[in-house]
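Here are my notes on the model, as numbered points. Please read them with the structure open.

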Amino acid sequence: MAEDSDNNVVGWVSFQSFYGRPAYNATVEISIYLDANHRGKGFGKKMLEYSIAIAPTLNIKTLIGFIFAHNEPSLRLFQNFGFEEWGNLPNIAVLDNQERGLKILGKRIG
């Protein structure tokens, strides 16, 4: 979790099973959420940096992020930490009555 200076929770980060089969145990999906009022203040950078640092202690070798293709700030955040585009799924989701694509970003850390 990320907290502001008043100890209010403003976001979270999670690792979850990528595919659920033992062959993929060292690969996880990373998800980050920040409250809209706290975006652009460095919380995402801190959470992603911490996640990358702690992942090897959890036997994680590969991180995968699923990010809406129109979410440029999140794409930039992950790319700034060395994530590369490993997949592009155009118009597979409907968000706010609009079709959206999904980018799959990955990073090997171990």
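1. Leaving aside neighbours within four places in sequence, Thr62 is in contact (heavy atoms within 4.5 Å) with Ala26, Thr27, Val28, Trp86, Lys107, Arg108 and Ile109. Thr62 is found in strand E4. Helices (H or I, at least four residues) and strands (E, at least two) are DSSP runs, numbered from the N terminus. Thr62 is buried, at a relative accessible area of 5%. Buried means under 20% relative accessible area, exposed over 50%, and partly exposed in between (1.4 Å probe, protein chains only).

2. This is a predicted model: local features need pLDDT of at least 70, side-chain atom pairs count only at pLDDT 80 or more, and totals for chains, interfaces and linings use all residues. Residues are numbered from 1 along each chain as its sequence is written, and side-chain values use heavy atoms, with hydrogens and water left out.

3. Which residues of helix H2 (residues 72-80) are buried? They are Leu75, Leu77 and Phe78. They lie on the same side of H2, because they cover an arc of only 160° around the axis. That arc is taken from the directions from the helix axis to the C-beta atoms. Their cover includes strand E3 (27-34), helix H1 (43-54), strand E4 (62-68) and strand E6 (98-108).

4. Exposed Pro73 and Asn80 sit on the face of H2 turned away from its buried side. Just after H2, Gly82 takes a positive phi of about 90°.

5. Ring pairs link Phe18, Tyr19 and Tyr24 into a cluster. Rings of Phe, Tyr and Trp (its six-membered ring) pair if their centres lie within 6.5 Å; planes under 30 degrees apart count as stacked, over 60 as edge-to-face and the rest as tilted.
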